Amino acid sequence: MVSADRRIQLWDLVVEQARGSSVTVGHVGAVVITVAGVDATAVAVTLAASPREVVHASDQVAEAIEELATTLGEGPGVEALVDGPALAADLDAPSSRARWPIFAPAAVALGVRAVFALPLQVGGIHLGVLDLYRGVPGALSQQRFADVMMLTDTACALLLDAGTVAGNGRRPEEAGLQHPEVHQATGMMVAQIGVSAAVALVRLRAYAYAHDQRLRDVATDVVARRLRFPHDTTTVTDRGGHNGA
C-alpha cells in the first residue's frame with residue numbers, strides 16, 4: 001500500500017516536471033520513468049470513435065512500440081485494456097513469445113525487452129493504458145509497482161480533467177470553488193470509503209461522465225445521500241426507493 005506521505009511525494013515530483021505549466025499525462029510519464037527505472041512510457045486511451053489512440057509517448061521507441069501494438073492488435077498494452085495489468089519481465093522468454101507470438105519478437109527487434117502495461121480505469125470505466133518500456137529484462141520491484149499504480153490514479157484524473165476521453169466532444173465539468181457541493185461530497189467520500197480527496201473527485205467525475213450528468217448534480221446527490229460509492233467502487237443509488245438502501 002502506498003502511504004499518504006508517498007502519495008504527496010509522487011505528486012510533488014509530477015508538479016516539478018511541469019515547471020509551472022499545467023500538469024499533463026506526459027509529466028506523469030516522466031515521473032514513472034524515474035520511479036520505475038524504465039526507459040520509456042506511453043499512454044493510450046480508448047475512445048468511442050477509435051479503439052486506441054496514443055496521447056503520450058516519451059520517445060521514438062515508445063512511439064514505435066505503440067504503433068506496433070495498434071497495428072498487430074497484440075501485446076501487453078492491448079491485453080491490459082481489458083484484462084488488467086500485463087507484465088512481461090522478458091519479451092524474449094518462451095512464455096512471452098507464446099503469449100504474444102508476433103508482438104514479442106518484433107518489440108525485441110526494436111530494442112525492448114520488458115513491458116509493463118497498467119490499465120487506466122475508474123470503477124467500471126476503462127480510460128486507457130499506461131505502458132512502461134525497458135531495454136533490459138527484469139521485473140518491477142513491489143515498491144516500484146506500488147508507485148506506478150499510484151501514478152495511474154493521477155493519470156486518470158488528468159485524462160478526465162482534460163476531457164481526453166470525451167469522445168462526444170463534451171469536456172467534463174471542472175470542480176471549482178463556485179460549486180461547494182462538490183467539495184462537500186468529496187469530503188464525505190473521503191470519510192466514508194477511505195480514499196484520498198483526489199481519488200474521490202475522480203470517481204465523482206467518472207460517474208458524471210458515464211451518466212451524462214453535471215458534476216454538481218452528482219455531488220448534490222451524494223450530499224443528500226441519494227448516491228453512495230462503496231469501497232468496491234460499485235455505485236449504489238437510492239432514488240425514490242427503487243435501488244439500494
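Val 43 sits across from Leu 130 in strand E5, in a model that is predicted, with local features needing pLDDT of at least 70, side-chain atom pairs counting only at pLDDT 80 or more, and totals for chains, interfaces and linings using all residues. Residues are numbered from 1 along each chain as its sequence is written, and side-chain values use heavy atoms, leaving out hydrogens and water. Strands here are DSSP runs of E with at least two residues, helices are H or I runs of at least four, and both are numbered from the N terminus. Two strands count as paired if DSSP finds at least two bridges between them.

E5 has a partner in E1, joined to E5 by six bridges and running antiparallel. E4 also runs antiparallel to E5, with nine bridges, and here Val 122 stands opposite Ile 125 in E5. Two residues separate E4 from E5 in a hairpin, and Gly 123 in the turn has a positive phi of about 60°.

Now for the nonpolar cores, meaning sets of buried Ala, Val, Leu, Ile, Met, Phe, Trp, Tyr and Cys residues joined through side-chain atoms within 4.5 Å. The largest has 32 residues, and Val 32, Leu 120, Leu 127, Leu 132 and Leu 151 have the most contacts inside it. Among the elements giving two or more residues to this core are E1 (40-45), E4 (114-122), E5 (125-134) and H7 (142-162). H7 supplies the largest share, nine residues. A second, separate core has 17 residues, including Val 199, Tyr 207, Leu 215 and Phe 229.

Note on methods
Buried < 20%, exposed > 50% of the residue type's maximum accessible area, 1.4 Å probe, protein only.
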